[in-house]
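Please look through the sequence and the structure shown here. The paragraphs that follow go through the chain place by place.

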Amino acid sequence: MAGVSDKIFRQLCKEYGADVLTTEFVSAEGIFRRNERTREYLDFDEIERPIGVQLFGADAQHMGEAARQVVKWVQPDFIDLNFGCPVNKVVSKNGGSALLKDCPTLSSVAAAVVGAVAPLPVTAKIRIGWNADSINAVRVARILVEQGIAAITVHGRTREQGYSGTADWNVIAQVTAAVPIPVIGNGDLSGPTEVAKRRKETGIAGVMIGRAAMSAPWIFRQTKQYLSEGNFSEPPSSTEKWDLILRHCRLAVQHWAAEEPAIRSMRARLMAYSKGFPASKLLREQFQHVSSLNDVKAIAERHIMTTSRPTELMTSVEDFG
């Protein structure tokens, strides 16, 4: 979720019911070398707790020292180790999912971080393997347990798959059965019924929702209601969705203290929000060119006027501020 799970988005998800948050993943080398930009990724507010700082890297000594520095600087509730990122620039430095095929290094990194921050919990995120011929999630999970990892999130794809194909929840179930610590499932969780199904089938302790929240952060509220009451909350109306989108944009402008770069940075986020809207393809085309709050407001106003039910038209775009 690099570039996505920043402080603004995390807090929106929290408002919609997310129980536990993690920061964007942070380079341990950047922390170790006291890179100021890297430290910015560690910023969070107290209302986000419980929150973990997610680290990646392959040098056990540096990872341990980076984790120690993070705890000193920001006092997170836990440290999360990323052994799942499939991105080339991370994998090429032996980070992320590259360590799934280097279990000795993975083991030493986990041990170093656990030892550096104890008694603070350390968790880890993995994929089911490097490729279809090397599915080793159970072995990796057992190694992590041996090194004192407190909980494991398993994404049901291999590194080779990236984000394509289908997540393999059978392997996630195998990991759940193989280790005594909580296992969190991740992959293809598009809504409340999918979450309920996977929990029942696999015995996982919880779920991690990533990409689905990018277009519908209210998925947390809907899922929690479905799990506790067996029914769905009403999805937000088109106007309510636009209210959220425009609020997100305003918060980004406040954070950047400069409107144009803030809105430009929101383009990819806006295109994610367009999923599920009527005429979403047209929206995505329009979002590619926005550079001001007024641009986004104008798109919202046109969209509401052309696609909303009559009762929704009673709320003006001007109400969004």
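Leaving aside its neighbours within four places in sequence, which residues is R10 in contact with? In this predicted model, R10 touches S5, L21, T22, T23, E24, D43, F44, E48 and I51. R10 belongs to helix α1. Its relative accessible area is 3%, so R10 is buried.

Before going further, a word on confidence. The chain has a mean pLDDT of 92, and 95% of its residues reach 70 or more. Residues 311–318 are a stretch where pLDDT stays under 50. For this stretch the model has 12 contacts beyond four places in sequence. Where pLDDT is low, the predicted coordinates should not be read in detail.

The aromatic rings come next. There are 5 aromatic pairs in the structure. Y16 and W218 form an edge-to-face pair, because their ring planes stand at 70°, with the centres 6.3 Å apart. Elsewhere, W242, F277 and F287 are linked into a cluster by ring pairs.

Charged side chains also meet rings. F277, a member of that cluster, has K241 over its face, at 5.5 Å from the ring centre. At another place, the charged end of R127 sits over the ring of Y163, 5.0 Å from the centre of that ring.

Strand β5 covers residues 122–129 and includes T123. What surrounds T123, not counting residues up to four places away in sequence? T123 touches F78, I79, D80, L81, I149 and A151. With D80 there is a polar contact between the two side chains, at 2.5 Å. The relative accessible area of T123 is 12%, so this residue is buried.

Helix α9 spans residues 192–202. Which of its residues are buried? They are P192, E194, V195, R198 and T202. An α-helix has 3.6 residues a turn, so residues three or four places apart point the same way. The buried residues of α9 are covered by elements that include α8 (169–178), β8 (206–207) and α11. After α9 comes G203, with a positive phi near 75°.

Helix α6 runs over residues 103–117 and contains S108. S108 counts as partly exposed because its relative accessibility is 31%. From C-alpha to C-alpha, S108 and G57 are 11 Å apart in space, and they are 51 residues apart in sequence.

Where do cis peptide bonds occur? One joins R49 and P50, with omega about 0°. P50 is in the loop between α3 (36–40) and β3 (51–56). Another joins A118 and P119, and there omega is about 10°. P119 is found in the loop between α6 and β5.

N94 has a phi near 65°, and its place is in the loop between α5 (88–91) and α6. The relative accessible area of N94 is 28%, so N94 is partly exposed. For D188, phi is positive as well, at about 60°. D188 lies in the loop between β7 (183–186) and α9. D188 counts as partly exposed because its relative accessibility is 29%.

How values were computed
Residues are numbered from 1 along each chain as its sequence is written. This is a predicted model: local features need pLDDT of at least 70, side-chain atom pairs count only at pLDDT 80 or more; totals for chains, interfaces and linings use all residues. Side-chain values use heavy atoms; hydrogens and water are left out. pLDDT is the predictor's confidence in each residue, from 0 to 100. Contact means heavy atoms within 4.5 Å. Rings of Phe, Tyr and Trp (its six-membered ring) pair if their centres lie within 6.5 Å; planes under 30 degrees apart count as stacked, over 60 as edge-to-face and the rest as tilted. A charge sits over a ring if NZ of Lys or CZ of Arg is within 6 Å of the ring centre and within 35 degrees of the ring normal. Helices (H or I, at least four residues) and strands (E, at least two) are DSSP runs, numbered from the N terminus. Buried means under 20% relative accessible area, exposed over 50%, partly exposed in between (1.4 Å probe, protein chains only). A polar contact is a pair of N or O atoms within 3.5 Å; within protein, one must be able to donate a hydrogen and the other to accept it, and residues adjacent in sequence count only if both atoms are side-chain atoms.
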